[in-house]
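Please open the structure in your viewer and keep the selection panel at hand. This tour moves from one stop to the next, saying at each what to select and what is found there.

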Amino acid sequence: MTRDIADLLADAVDDRARALTGLLPTPAAFALTRARIRRRRIVRHSVEAGVGIAASGAVVAGAWLGAHVDRSPAPPAHTPSTSVSPTPTPTPTTGPTTSAGPAVPPTASPGLPTTLPAPDGLLATTGPGWVLAAYRSAPADPASSATVVHAMIAIAPDGARYRLVDLPADQSVELLDWHAGDSRARVSYGPSGVDGGVTGWIDLRTGALTRDDLALPAGHVYEARLDDGTTLWTANLDPGPVRLWAVPESGSPRLVGQLGDHWTKPRVSPSQTRVAALAPTAASVVVLDVATGARSTVDLAVPGGECALLGWLDDRSVLVSCFDHTGPDPIVQRNPRLVQVDVDTSARTTLTTLGVGQPFALTGVVGVTVRPGTIAFPAYTLDAVIPMGDVCPNSVWEWSGSGLRQVPVPQGSDTFQLAAAGGNLDVAASAGCAARITPPSLTRLAPDLSPTVLAPAPDPLGVATQTTLTWVVAR
Amino acid sequence: MAGWEPMLEVVARERYPQLVARALLLTRSRADAEDLVQDALVATFGGRARFETAAQAEQYVRRAIASRFVDRTRKGARERVALGRVAHDATAAPDEGGLPGSVECALALLSPRQRACVVLRHLEDLSVHETARVLGLSEGSVKRYVADGMATLTRVLGAAVPPERTPVVLVKEDDRRDS
């Protein structure tokens, strides 16, 4: 008598499961799994940056021996002494005014790039283009006796790095926004390992944290700051769809409108009058007017397909990357394409179809507007055989009106976080999506793509660590 | 603790043996199976879906095990060939993790995609459409993989194929090139 194959499969699983009774993931493996999940969630929730919008990003990565790391003991090119001019420079600078004192050697800690001590008055001398970064480096094995390193670092545009303040090991801090010259920064914070901390401010001289008092619904999430000081926030009343709030620099929160049940990060238009977010079906875009709350849904007209919203090309149109669900397996045969969509008329213009050697942007990818009309985004560089699936990005590309251009990134990277300010593109790159986790590096690319390493991948110094990097670019 | 963490811990604490057992239908090494489960947990809890119950989350993890397994076979032709060779070597000694049963040995005769399709169709009870979506394959390919896989399993195990699932071969020859 034959048995149904489904029964045989189910019995095989039951037999095996019984033999494995009591099996649990090892603490180290489970800690790594949690870290990888946090990493994905942070990347997914990371703040989108565009021209005129505070640029920030966050990457979590593990640092393992043998990975590409920062082993250079050389001090940053711009080496200040520990004393600075008593009168802060009011104009943007690349570093603090230095005295003729002897150079201070950089110091290294596991999971941190080498840094110099921050001279008094450093923050007041910072200008647009400086980066504020929070590194938290913890042992990969929770049973390890190695200490957690958690520090706030200021990075000059030339890559000089200054350790501002050390933070509590059990605290998690995500940077959200920072004005050049300011001694405090907007953050989300909470106990380490916990999503959805509260928002507030950190004193960059002392590390003291102060909670926001914004009268927004619980669980509100910071989205962006507009040039007039207004900040945008999202939250969902439970139960209820996600809504957008605007909070003026002084005044009460104003409910702008409803984004939807599921959404990607809202992207602010160049004139900062509207936001756009991808609807959950990845087949339409929701557009909200920040002033009036007027809401429209723009159909991307991809029946049997889906799109990624890469960003605003101009005040009227967005750039989307689409493909069809039907067709042969390889993505390249599923009509991958970049499309410009007019959000007022829903008119669609295919800018280019994508072939082998060109970028395929996965749904949910976050692009940044580097310069007017130029959007950078992580992508998978297509080959002839890669099928549709949960592929990880392996490259970064820019679209401008004149075409596509590949941005240089470290070999083997498969996780990218982008920010843009001043016409430059900042890329935090690491591995860990599909490849073995490596620590993040942070590189600035000028309009001609010439790179400046702001922070090389940190050296774990013999300790297997998981490093969280979150950063913002001052403007 | 974040909203997803208690659910992750429940799934890992209470369902880990069952999940590893499922993964062992696809891969012969317990270490690989555990890696696969970890990957599936990351894919499940790092995604956008929200779960009300551990059972709901576990269902996603099960599907993710199959999709991550197939993704691993997509890393390159060399790896695909190697995986295929191992998969078809029924005489290969089982890796650490205990002796495999006859079903696991029979599954090892199938290509990775055939295995994933058979498991999703006949263990997880997904439709052809759902299986295609989970694995990122065309429906025609799924039908072909299930048909070929079931033919082998039926021959080796003498198992019965449910009449309603008797495979129908409808695909073009092109769809077979990466099997």
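Is the crossing in which α3(B) passes α6(B) left-handed or right-handed? The model you are looking at is a predicted one, and in this model α3(B) passes α6(B) in a left-handed crossing.

**First stop: α3 and α6 of chain B**

To look at this pair, select residues 54-72 of chain B, which form helix α3, together with residues 112-122 of chain B, which form helix α6. Their axes come within 9 Å and cross at roughly 170 degrees. Since angles over 145 degrees count as roughly antiparallel, α3(B) and α6(B) are therefore roughly antiparallel to each other.

Next, show the side chains where the two helices touch. On α3(B) the contact is made by Arg63(B), Ala66(B), Phe69(B) and Val70(B), while α6(B) contributes Pro112(B), Arg113(B), Ala116(B), Val119(B) and Leu120(B). Sorted by class, this contact has seven nonpolar residues, two charged residues and no polar ones.

**Second stop: α2 and α3 of chain B**

The crossing of α2(B) and α3(B) is right-handed, whereas α3(B) passes α6(B) in a left-handed crossing.

The residues that make the contact on α2(B) are Leu36(B), Val37(B), Asp39(B), Ala40(B), Leu41(B), Ala43(B) and Thr44(B), and those on α3(B) are Ala57(B), Tyr60(B), Val61(B), Ala64(B), Ile65(B), Arg68(B) and Phe69(B). By class, the contact of α2(B) with α3(B) has 11 nonpolar residues, one polar residue and two charged residues. Phe69(B) is worth a label, as this residue takes part in the contact with α2(B) and also in the contact with α6(B).

Now select Asp125(B), which lies in the loop between α6 and α7 (128-135) of chain B. Its phi is near 65 degrees, a positive value in a residue other than glycine. With 10 C-beta neighbours inside 10 Å, Asp125(B) counts as exposed.

Of the contacts in chain B with a separation of 6 or more, 67% are accounted for by residues 24 or more positions apart.

Which residues does Thr33(A) contact, leaving aside its neighbours within four places in sequence? Select Thr33(A), whose place is in helix α2 (residues 27-45) of chain A, and you will find it in contact with Pro25(A), Gln38(B), Leu41(B) and Val42(B). Thr33(A) is buried, with 21 other C-beta atoms within 10 Å.

Showing chain A as a cartoon brings up three helices and 31 strands. Of its 475 residues, 51% count as buried.

Then turn to the largest nonpolar core, which has 108 residues, and in which Leu132(A), Val285(A), Val320(A) and Ala376(A) touch the most other members. Centre the view on Val285(A), which, not counting residues up to four places away in sequence, touches Ala276(A), Leu278(A), Ala279(A), Val298(A), Leu300(A), Leu309(A), Val318(A) and Val343(A). A second, separate core has 59 residues, including Val37(B), Leu41(B), Leu126(B) and Ala147(B).

Select Leu418(A), which is placed in strand β27 (residues 415-421) of chain A and counts as buried, with 26 C-beta neighbours inside 10 Å.

Finally, go to Leu449(A), found in the loop between β29 (441-445) and β30 (451-455) of chain A. Leu449(A) counts as exposed, with 12 C-beta neighbours inside 10 Å, and its phi is near 70 degrees, a positive value in a residue other than glycine.

Methods
Residues are numbered from 1 along each chain as its sequence is written. Chains are lettered from A and ligands numbered from 1 in the order in which they are written. This is a predicted model: local features need pLDDT of at least 70, side-chain atom pairs count only at pLDDT 80 or more; totals for chains, interfaces and linings use all residues. A nonpolar core is a set of buried Ala, Val, Leu, Ile, Met, Phe, Trp, Tyr and Cys residues joined through C-beta atoms within 7 Å. A residue is buried if 20 or more other C-beta atoms lie within 10 Å of its own, exposed if 12 or fewer, and partly exposed in between; C-beta atoms are placed from the backbone. Two residues are in contact if their C-beta atoms, placed from the backbone, lie within 7 Å. Axes are lines fitted to C-alpha atoms, for helices over the stretch in contact, and angles run from 0 to 180 degrees between N-to-C directions. Helices (H or I, at least four residues) and strands (E, at least two) are DSSP runs, numbered from the N terminus. Angles under 35 degrees count as roughly parallel, over 145 as roughly antiparallel, 65 to 115 as roughly perpendicular and the rest as oblique. A crossing is left-handed if the near helix is turned anticlockwise from the far one by less than a right angle, and right-handed if clockwise. Ala, Val, Leu, Ile, Met, Phe, Trp, Tyr, Cys and Pro count as nonpolar, Asp, Glu, Lys and Arg as charged, and the others, Gly among them, as polar.
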